[in-house]
Amino acid sequence: MAEDHHKSSTLLQLEIALSKRIAIAIAVMAALIFLVWFFRIPNPNMILISGLVMCSALFGFGGGIVAAVIMFGYTLFFFSQDHSFIRFSPENLMKVWVSLFGIVADMLFVCFLKAAEMRAFREISSLTEQLRQQKESVSTLLNHMPVITFSKDAETGVYLACNQAFADYASKKSPAGVLGLTDADIFDRETTQHFAADDKTALAMEKPYEFFEDVPDAAGNRRQLQTTKLKFREPSGRQCLLGMSLDVTELARIRLENAAAREAYEKARSSGIMFTHIAQTLAQGYTELFYVNLETQEFREYHTDERDSGLAEVRQGQQFFAECQRNIGEQIYPDDRESIAGLMNRDTLLASLKKTAPLIVTYRLLRNGAPCYVSMKISRMKDDERFIVIGVTNIDEQIRHQKAMEQIREDHVAYTRLSALAGDFICVYVVNPATEAYREYNSPAGYESLRLPREGREFFAHARQRIRDCILPGDLDRFLALFTREGVMAEISRSGVFVLRYQLVIDDAPVHALLKAVLIEENEGPRLIVGVINVQTQVRQEEEYRMSLARAQEEARIDPLTGVKNRHAYLEEETLIDRQLAESAGENAPELALAIMDVNDLKEVNDRKGHQAGDQYIREAAGIIAGIFRQSQLFRIGGDEFLALVRGSDYARLEDLLQEMRDHNDRALREGGIVIAAGAARLEGDPSLAPVFQRADKIMYADKKRLKAARSI
């Protein structure tokens, strides 16, 4: 309604202005007609056309029409015969037509100018209306925002604009009451100084200045405001300051009221995180976990990440036991299918769990066509017996290592038994320990040069004398020191047997011999049985056994996929180094560092190309790492994670080696290839390797994040 009233008022003003201009045009033309009539000007149209043009130009379209009508009427009156308005002489008629043509041309020109003026006027009116609407919208927006806004001249401090909220704060009826005033004109001295200090800080900063302040409102109540001030420059070049204050009093009150609720939430959240960490820790070592509802047979399947052993749900399903039976033919090694099929039946499993809880079963899976030993642990939930948890652990490496060790021990036992049955005796003597009288019991052919007389006395003296001619010089002193009657009898008394190893020289070649002496009771009394056995073959076999055992132990420390040392080998090395650090108590610490590498995109390769391609991917990555850390011990400590124990020349060139790894990754990102994140840390007064590992691992994860970001660009 206000807008309609405004339009009506505007139209009325326009009508009044038009009427005034028409009246002035009539007066002007009347004055000109009086002038030409009174002075009887012979050619009045020149004067009247001038008046017509003047009225058209000065008084607009309406005044021009009125002037044209008056001029044409007077022209008809002046040129007609007897002022009849309708009768003309040919000459005067021509003048009338010329006058009419001039009037029409003048009016057409006036119409053209007026049309252009009207178009410009309408455009200006439209722009004015748009500006008015925009101004009203901005004012409405600012007045309805729950903030106080204002702008001021940075130099003079004069307020240039504000919203109604600021006007209320300044105790003014409207924003118009604020414009042109300064803080000193509106507020008290203390508030003015406070605002001036904030303005100075904001003008000195290149970014918005944000701060909190407690200020009284118009009613004197304390309110907390979050204020932002920033400087800006108008197109005219004037430096201004824009301010915006948000009332956060209620927000602060809500925060205080909810402090107890937040504390309770954080406590519950911390407890949840703690139990999650416990579950994640207990899940380490499992490759697969199943959470099964025995009543509905619904289940959830979880896998553990090879690198950090974190649990990740991979799927949910129905009919767990039926699905197990379907998968047995594809996933279980043929020799174990029948036993596993019998166990993974709901009723059978429940009966087994009642007898044994938890239930642990070892069987073999099919992996790339080969058997792989796993251990399955089945436990029933104590607080809800409807559910069971099944964990599957890969124990293939441990089982194969155990079987290899058992085979070596069995071979050793068998060899010992055979050696006892078919010993190669050089000579055997029966000695009276009281008199040292002796007789030969057995002496095979080929050892005549070594034996004593078949019978005699002073056994120990003869043996010590004879041995000088046939024993290896390096063993002589030890033999003479140990092989005495007192020494032999004392050792038999203590351990039941006297044993002495040494080397004889037979046919100019050393031969390992074993002298054994035991005391037995015969009818004649105690007798000392002394035998010398050729153990050359046994020693060689023992050496081969030790070498075989060493190889087996070494193979147990080698990762079969890549040929580098495995996690078990690193843990042994870490234990040894930690012991050395503890014994040295930080003094003379060795120069060493740990470099941790993580192979990117292994899961993607496994998913797209299969595990055989993933295995080749790991082998190639190991070759790249070994090619860079040439002088370092290299370990595979996880599925896609490697560790280099850096010493010697590699330690001195550690930064260069890391740069070489970064250069390789840059080429791989550009040209395609294996990307390996790396991080390293040196031993710097640490009590153990664990802190060094943590620093290196943190740097590696940062590098991995950088490489993934570079890959996504």
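Predicted model: local features only at pLDDT ≥ 70, side-chain atom pairs only at ≥ 80, totals over all residues.
Local features were taken at pLDDT of at least 70 and side-chain atom pairs only at pLDDT 80 or more, while totals for chains, interfaces and linings use all residues. Residues are numbered from 1 along each chain as its sequence is written, and side-chain values use heavy atoms, with hydrogens and water left out.

Strands (E, at least two residues) and helices (H or I, at least four) are DSSP runs, numbered from the N terminus.

Two neighbours pair with β1, pairing being counted if DSSP finds at least two bridges between two strands. Strand β5 (residues 239-247) runs antiparallel to β1 and is joined to it by seven bridges; here leucine 241 is the bridge partner of lysine 152. Strand β2 (residues 159-162), also antiparallel to β1, is joined by three bridges, and its alanine 161 partners serine 151. The hairpin of β1 and β2 has five residues between the strands, and glycine 157 in this hairpin takes a positive phi near 80°.

Next comes helix α19, residues 611-628. Its 18 residues reach 26 Å from the first C-alpha to the last, close to the 26 Å expected at 1.5 Å a residue (1.5 Å times one less than the number of residues). Gly614, Tyr617, Ile618, Ala621, Ala622, Ile625 and Ile628 are buried in α19. Seen down the axis of α19, these residues fall within an arc of 140°, so they line one face of the helix; the arc is that of the directions from the helix axis to the C-beta atoms.

Aromatic rings complete the picture. Rings of Phe, Tyr and Trp (its six-membered ring) pair if their centres lie within 6.5 Å; planes under 30 degrees apart count as stacked, over 60 as edge-to-face and the rest as tilted. By this rule there are 22 aromatic pairs. One of them, tyrosine 159 with phenylalanine 166, is tilted, at 5.0 Å centre to centre and 45° between the planes. Tyrosine 159 counts as buried because its relative accessibility is 2%.

Conventions:
Buried < 20%, exposed > 50% of the residue type's maximum accessible area, 1.4 Å probe, protein only.
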